Amino acid sequence: MSVNAAHGTTNEDRLFRELVTSSQDAILIKTLAGEITFWNTAAQRLYGYAPQEALGRHIGMLIPPHLKDEEAELLRRIGRGERIEHYETRRTTSDGRVLDIDVTLWPVQGPDGTVISACSITRDITDRKRAEAELATLHAQQRHIALALHLMGISEPVPGVLAASRYLPSLQGQGVGGDWLDVIDLGAGRVGVFVGDVMGRGLDAAVVMGQLRSAARALAVAGLEPGELMKALDVFTHSLPEQFVTCVYLQADPGRGEVAACSAGHLPVLLVGPDAAVTPYPVPINVPLGVGGSPHEQVRLPLPPGSTLALYTDGLVETAATDLDDQLELLATALRTSFRAGAGLEAAADEVLRTLLPDSVTCADDVTLLLIGFPTVPLDAAELTLPAEPASVPAGRHFLRGHLGAWALDALADSAQLLVSELLTNAVCHARGPLVLRIWHSARELGVEVTDRSVPRPRARPADAAAEHGRGLLLVESLADAWGTRPDTDGKTVWFTFLTPRQDVAPPPHFPQQAELRGKLGGRLP
C-alpha cells in the first residue's frame, strides 16, 4: 500500500474518491445533523447546485416542506446503524423542480466505531414514475371499459323465475376478466340461462366476452336448441384469435318441468332440490368452444318444481392450494346449509361467497355465481292432439274456451280463440300433423302453443287487399302481448301469450352487482 506523505492518504483512498466523484449516480455525505460534507459531480447535475453551493449547507435545502419529518426519521435510523435500501421519495432541485428519486443510505463510522454521518446514492426515477402513472391510468381506463361491458351483460329480470347473481372482479393484475352470465326471457314461460368464461383477463378478454354474450343472446332469442347454439358459437369462436372459452347454456321450461342443456367444457351445474339436497346436474361436459373437432351433445333433464340451479365460473372454486373436488364439495355444502335453513337466494349467494372466498382480496381470477330458482307450484296446463284437418280448428277453439272458463280467464276468451284459430288454420293448410295444442297459464300470463311436424317457420308478411290469406300472423302480432316460433324435436312450435288480469307476480330477480358496478363506474352508465 502506497502512502502520500504530504497528505496522509493512500493511493487507494485517492482512487476511491475519484471513482465516487466521477460516478453517474448522485453521491453525497451528510452528518447526522444534516450538514452536507461531500457532493459529487452527478449530484450537481441532478440537483443543480455546484459543490461550493452545497457543501456546509443543511440537507433540508433539497427536502420538500411536507417531507421534513421523513428526512429526520431517516437520519435517526442511520444513527442506529441501519442500512436503508432503495427508498423512494422526492427531492427539490435548485430551480424548484420536484424529482422522484430512489435513494440508498448507509452509516459511515468514525475511528471509534460510532456512526458519524450518512452516505447516500441517489438515482432520478421521475421518468419511470411518470411511465408507471400513465400505465396505471391506462389500466384504470381498461378496467372501466371492462366493467362497463360486464354491466351491459347483466340480465334484466325475467318473469316467473327468481335469481341472485354475484360478479367479483379479481383485485390482482388486470382484474376484470372474461366471465359472463345471462338470463333470457325466451317467451311462452321459457327461460334461457348462460354462464361462460373467456380465457384471460383485462380488456381483451372482456371485449371477447361481450361479443360472445351478444351472439349467444341473439341465437337464444332466435330459438336455437342448446346443441345447435353451441355449434354456432363454436364456429364464431374460431373466427376470434387464439380464444379458449367454456360455457353452459340451459333452456328451461318450468311448465313442462324440463331443461334442455349443453355444456362446452364448463364446470358442473348443481341442482338444489326442493328438499335442499344438492346433486350435480348430469349435463355432459363437451370440449370448450374454439377447440373444434367434436360435436356438442345436448340432453333433456327433469326440472322438479321448487328447484334451484347453481352456475358459476372457475374463479369461485379453483385455487392453487386446494383440490377442485374438495372445493366443489364445499360449494355443495354451503348451498345445502343455506337452503335447509330456509335462506332466500340472495342470502344463499352471500353464504357461498363467505364460505369459498373468505378473503376475496386475494382472488386470482374473477368470480361469477348465478342461482336461479323456479316456481314451487306447477303451472296449470292442458294439451290436445289434433289431426291436420279443418275440423281441428273449431275443436281447438272449443278446447281453449272450456279451459279459460275453468281458469277464470273469460276476459281473454274472444281474443285467444281468434288467434288460436289462425295458428291452427296455418298448421292445417301448410304443415303436417299430428298437431298439438297446448295451453297454460300462470299468475302473470296465458300461453297458447301449436306444434306441428313441419320444419319451415312461418313469418308475418304483408297481404294484398284482395288476398284471402296472409293476415293470420299479422293479426297475432297485433293482438298478442308476445308471440314467436321455435324449432322442436321434429317440427316447430308457434306460440303467443296474453298478460292475465291478475298480477300476482313473484318478485323479480335481483342483481346486486348492477348497483355495485355502476358505483365503480361513477354512475355514468344508464
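Analyst: R128 counts as partly exposed because its relative accessibility is 38%, and this class lies between buried, under 20% relative accessible area, and exposed, over 50% (1.4 Å probe, protein chains only). The model is predicted, so local features need pLDDT of at least 70 and side-chain atom pairs count only at pLDDT 80 or more, whereas totals for chains, interfaces and linings use all residues. Residues are numbered from 1 along each chain as its sequence is written, and side-chain values use heavy atoms, with hydrogens and water left out.

The partner of R128 is E132, and the closest N and O atoms of this salt bridge are 3.2 Å apart; the term means a side-chain nitrogen of Lys or Arg within 4 Å of a carboxyl oxygen of Asp or Glu. Side chains of opposite charge can pair when their charged atoms come close. Both R128 and E132 belong to helix α5 (residues 126-152), where they are four residues apart, about one turn of the helix. Helices (H or I, at least four residues) and strands (E, at least two) are DSSP runs, numbered from the N terminus. E132 is likewise partly exposed, because its relative accessibility is 38%.

A second pair joins the side chains of E82 and R77, with 3.1 Å from N to O. E82 is partly exposed because its relative accessibility is 28%, and R77 is partly exposed because its relative accessible area is 23%.

The side chains of E449 and R438 form a salt bridge of 3.7 Å, N to O. This pair links distant parts of the chain, with E449 in strand β21 (residues 445-452) and R438 in strand β20, 11 residues apart. E449 is buried because its relative accessible area is 1%, and R438 is buried because its relative accessible area is 6%. Both residues take part in a network of salt bridges that also links D253, R256, E383 and R486. Across the whole structure, a search finds 31 salt bridges.

The peptide bond joining G433 to P434 is cis, with omega about 0°.

Some charged residues form a surface patch instead. D323, D325, D326 and E329 make up a negative one, and patches consist of residues with over 30% relative accessible area and no salt bridge, with like charges joined within 9 Å and nonpolar side chains (Val, Leu, Ile, Met, Phe, Trp, Tyr) within 5 Å. Of these residues, D323 is in the loop between α8 (314-317) and α9 (324-340), and it is partly exposed because its relative accessibility is 41%.

Strand β18 (residues 367-373) is mostly covered, since seven of its seven residues are buried. V367, L369, L371 and G373 point one way from β18, while T368, L370 and I372 point the other way, and all are buried. On β18, strand β8 (residues 162-168) pairs in the antiparallel sense over seven bridges, two strands being called paired if DSSP finds at least two bridges between them. In this pairing A163 stands opposite I372. Strand β17 (residues 308-312) also pairs with β18 in the antiparallel sense, over five bridges, and A310 has L371 as its bridge partner there.

T92 stands opposite V98 of β6. Five residues lie between the two strands, and G96 in the turn has a positive phi of about 90°.

A188 has a phi near 55° and sits in the loop between β9 (177-187) and β10 (190-201); it counts as buried because its relative accessibility is 4%. A276 has a positive phi of about 75° and lies in the loop between β13 (270-272) and β14 (278-280); it is buried because its relative accessible area is 5%.

Technical notes
Areas by Shrake-Rupley, 256 points an atom, 1.4 Å probe, with all protein chains shown as cover. Lys, Arg positive; Asp, Glu negative; His and termini not counted. Charge placed at Lys NZ, Arg CZ, Asp CG, Glu CD.
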